Amino acid sequence: KAMLKHAGFADTSNGNRYTKILEYNEYISNHSYGINNGWSYDSAGALGAGYYYGVNTTIMTSPSQTLAGAYQSNDQAIDEIVYADPKFSIVKSSGNYYGTGPGPNDPKFRWGSGAYVPFNEGDVVPEANCASGAYCIGNGSLAKNIIVVGAIDLSTDTSTYKFTQASDITRSSYSSVGPRKDGAIKPDIVAVGTLVISPTVSSGNPASVNTYSRGSGTSYSAPKVTGTIGSITQLKRLLTNDNEFYFYADEVKALLTHTAMEAGSYDGPDNWYGWGLLDGLKAAQVVLSTHNNEDTLERKLKVSGVNDEKVVSARDGEELKVTISWIDPAGEIVPGTVDRMNDTSSKLINDFDLRVIDTETNEVYFPWKLDLSNPTGAAVKGDNTVDNIEQVVIKTPVAGRNYRVVVSN
């Protein structure tokens with residue numbers, strides 16, 4: 001009985017993609033489109049079949065340079081929408097650009113002077129997208145206040161197709177990966193995007209489902225996250241008897257990342273899987289447990305310079321996990337394409353800091369962050385200055401011991 005509203009992402013007489021978000025005023029929205037800042041293959045391109053690079057490569061000095069991962073005006077525009085009204089939960093696909101690039105003898109063309117032109121002898125030819133295993137998410141999918149979704153394959157457990165451990169989770173070969181240029185974690189989360197069965201709708205009004213099809217892409221994984229947000233919102237409405245309830249965007253991000261299943265080769269987040277695999281059931285369980293005051297979900301106003309503190313007690317046999325998230329104003333954009341390619345400055349405006357302190361030993365536990373010097377490696381723990389979500393995990397806390405949660409800025 002779900003009803004959907006849909007619009008094209010292209011600029012039309014009805015407006016652009018941003019004004020349409022505001023005009024529709026639907027607080028939960030899915031966006032299965034994106035911008036490719038690297039190579040794409042086009043069998044019917046302006047200059048014929050071949051590989052097209054949408055940036056003027058004559059400004060580049062190295063094949064490894066890329067505009068992918070750079071925070072730009074499209075990200076700014078979305079962040080402004082959510083900051084102005086935090087009830088907008090916007091879900092975005094990460095893109096299907098990983099690994100795309102020409103071979104030595106393939107036709108290839110670059111952007112220049114308002115049109116595509118062939119590469120000249122001696123021109124810098126960029127590497128394949130994400131050749132290093134990092135940086136092939138385009139602008140518009142790098143905003144701070146949205147949820148960016150990558151794709152994974154079906155579970156490697158072919159007896160049940162259920163995911164029970166990290167080794168069951170494999171990134172789909174096409175799924176674009178981060179991080180953002182400043183080292184911020186993107187994608188935020190992953191879901192199954194390969195060989196997904198979906199309804200094909202008629203063109204009538206109202207439209208109806210008449211057939212089903214099977215396909216692959218981050219456009220198939222992102223809607224699962226969007227649907228989960230709808231489901232946990234409906235659950236909260238039933239629990240509170242409030243049919244007008246909406247989570248704020250940062251509450252949604254905190255819930256889904258807090259309950260995500262560990263993925264990847266290392267503990268913690270990474271640039272391929274973000275915070276892990278979407279677990280809608282666990283997210284719903286946390287909505288229920290927080291409603292029943294068994295766990296804690298709080299929205300607080302942070303007063304600059306005044307620490308917010310809370311004491312929590314560890315449970316026997318359970319890890320202690322604390323996650324904070326906040327909606328940040330739109331970040332700054334550096335001028336010039338090359339400058340944006342090379343810009344690693346933090347895009348945060350407000351930098352909150354999460355610490356958890358053992359009240360008996362005074363040991364301080366720090367949040368996860370990516371190592372910008374090794375973006376494809378294991379996350380480390382320390383002062384995170386780039387993400388507007390921070391998470392501290394204590395794997396084996398002392399049962400019954402008090403731990404002090406401190407949020408500073």
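**Exercise 1. Sort the residues that line the largest cavity of this predicted model into nonpolar, polar and charged.**

Step 1. List the lining. It consists of Ala70, Tyr71, Lys181, Asp182, Glu332, Ile333, Val334, Arg340, Asp343, Ser345 and Lys347.

Step 2. Apply the classes. Asp, Glu, Lys and Arg count as charged, while Ala, Val, Ile and Tyr are among the nonpolar types.

Step 3. The largest cavity holds about 60 Å³ of space.

**Exercise 2. Describe the second largest cavity: its space, its lining and how the lining residues divide.**

Step 1. Start with the space, which is about 50 Å³.

Step 2. Find the lining. Lys144, Arg180, Ala184, Ile185, Lys186, Asp188, Lys253, Val386, Asp387, Asn388 and Ile389 surround this second largest cavity.

Step 3. Sort them. The lining has 4 nonpolar, 1 polar and 6 charged residues.

Step 4. The model has 5 cavities of 30 Å³ or more.

**Exercise 3. Work out how helices H1 and H2 are oriented to each other, and which residues make the contact.**

Step 1. Locate the helices. H1 covers residues 17–24 and H2 covers residues 73–84.

Step 2. Take the angle. The axes come within 10 Å and cross at roughly 15°.

Step 3. Compare with the cut-off. Angles under 35 degrees count as roughly parallel, so H1 and H2 are roughly parallel to each other.

Step 4. The crossing of H1 past H2 is right-handed.

Step 5. Name the contact. H1 contributes Tyr18, Ile21 and Leu22, and H2 contributes Asn74, Ala77, Ile78 and Ile81.

Step 6. Classify these residues. The contact has 6 nonpolar, 1 polar and no charged residues.

Conventions
Residues numbered from 1 in each chain as written. Predicted model: local features only at pLDDT ≥ 70, side-chain atom pairs only at ≥ 80, totals over all residues. Heavy atoms only, no water. 1 Å grid on protein atoms, 1.4 Å probe; cavity = no way out; pocket = protein on both sides within 12 Å on 5 of 7 lines; lining within 4 Å. Points joined across faces, edges and corners; volume = space filled by probe spheres on them. Axes fitted to C-alpha atoms, helices over the stretch in contact; angles between N-to-C directions. Helix = DSSP H or I, 4+ residues; strand = E, 2+ residues; numbered from the N terminus. Parallel < 35°, antiparallel > 145°, perpendicular 65-115°, else oblique. Left-handed = near helix turned anticlockwise from the far one by under 90°. Contact = heavy atoms within 4.5 Å.
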